[in-house]
Amino acid sequence: MEVPLPTPRPPRPLRADARRNREALLSAARQAFLGGDTDAHVEDIARSAGVAVGTLYRHFETREALIEEVYRKEVDDLCATPAVLLGQHAPEEALRRFLLLLVDHAAVGKGMSSVLESIMATDSHVFDDARTRMANALSLLLEAGSAAGTVRDDVTGSTLLRALGGICGMRATAGWLVEARQITAILFDGLRSSDPVGGQAAGE
């Protein structure tokens with residue numbers, strides 16, 4: 001008779017002080033990387049966070065693990081916004097705002113690009129996960145807009161994300177962010193439907 005394997009215990013929640021230390025480390029690392037200090041050492045980040053370097057290593061085994069978590073948190077914050085936007089705005093306006101947030105996220109990625117390269121050679125799935133979650137977030141907004149009749153129903157989140165990827169691929173050029181926002185506005189206009197539920201034209 002097979003003996004069932006014991007159910008693994010869920011990880012213990014962090015104590016309040018440990019949670020504060022972790023958040024302080026992530027905040028200090030984000031500020032360093034986005035501020036252009038791409039060569040920031042873990043000792044510098046720990047010092048900025050007001051903790052010992054040993055505390056940093058208790059939370060993040062390597063510098064790459066810290067970088068990955070900074071980026072993951074950026075994606076977490078980004079992908080939490082569609083539900084908030086839908087609670088505050090009409091679906092098409094929520095979509096427009098989120099498209100611009102994605103462009104701004106690309107600007108964040110530009111600031112972190114050199115440090116992110118250090119985890120590209122690992123077996124991390126952070127980028128695949130990020131793309132999937134962003135596409136799902138776009139799908140949520142597209143479906144809400146389609147249900148309201150103000151957004152066309154023949155575009156998927158993954159297709160729209162690829163279109164945005166092409167727009168944000170201009171990051172190496174001077175003044176790219178202004179132009180990317182302008183092109184995104186044109187893209188949004190192409191997503192709008194002229195046959196909203198109730199017969200009122202989108203944007204009226």
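Residues are numbered from 1 along each chain as its sequence is written. The model is predicted, so local features need pLDDT of at least 70, side-chain atom pairs count only at pLDDT 80 or more, and totals for chains, interfaces and linings use all residues, while side-chain values use heavy atoms, with hydrogens and water left out.

**Exercise 1. Helix α7**

Compare the span of helix α7 with the expected span, then list its buried residues.

Step 1. Helices (H or I, at least four residues) and strands (E, at least two) are DSSP runs, numbered from the N terminus. The expected span is 1.5 Å times one less than the number of residues.

Step 2. Helix α7 covers residues 126–148, which is 23 residues. From first C-alpha to last, α7 reaches 33 Å, close to the 33 Å expected.

Step 3. Buried means under 20% relative accessible area, exposed over 50%, and partly exposed in between (1.4 Å probe, protein chains only). The buried residues of α7 are Val-126, Phe-127, Ala-130, Met-134, Ala-135, Ala-137, Leu-138, Ser-139, Leu-141, Leu-142 and Gly-145.

Step 4. Look just past the end of α7. There Gly-149 has a positive phi of about 80 degrees.

**Exercise 2. The largest pocket**

Describe the largest pocket by volume and lining.

Step 1. On a 1 Å grid over the protein atoms alone, a pocket is an open set of points where a 1.4 Å probe fits, with protein on both sides within 12 Å along at least five of seven lines; lining residues have an atom within 4 Å of a point. Grid points are joined across faces, edges and corners, and the volume is the space filled by probe spheres set on the points. Here that volume is about 550 Å³.

Step 2. The lining has 20 residues. Nearest the centre lie Tyr-71, His-105, Arg-131, Met-134 and Arg-171.

Step 3. Helices α6 (91–120), α7 and α8 (157–168) each give at least two lining residues. The largest share, seven residues, comes from α6.

Step 4. Sort by class. Ala, Val, Leu, Ile, Met, Phe, Trp, Tyr, Cys and Pro count as nonpolar, Asp, Glu, Lys and Arg as charged, and the others, Gly among them, as polar. The lining has twelve nonpolar, five polar and three charged residues.

**Exercise 3. Salt bridges**

Step 1. A salt bridge is a side-chain nitrogen of Lys or Arg within 4 Å of a carboxyl oxygen of Asp or Glu.

Step 2. Arg-47 pairs with Asp-44, with closest N and O atoms 3.1 Å apart. Both lie in helix α2 (residues 42–49), three residues apart, about one turn. Arg-47 is exposed at 58%, and Asp-44 is partly exposed at 29%.

Step 3. Arg-133 and Asp-76 meet at 2.6 Å, N to O. This pair links distant parts of the chain: Arg-133 is in α7 and Asp-76 in α4 (residues 63–79), 57 residues apart.

Step 4. Asp-104 pairs with Arg-181 at 2.5 Å. Asp-104 lies in α6 and Arg-181 in α9 (residues 176–191), so the pair ties together parts 77 residues apart in sequence. Salt bridges that share partners also join Arg-22, Glu-68, Glu-69 and Arg-72 into one network.
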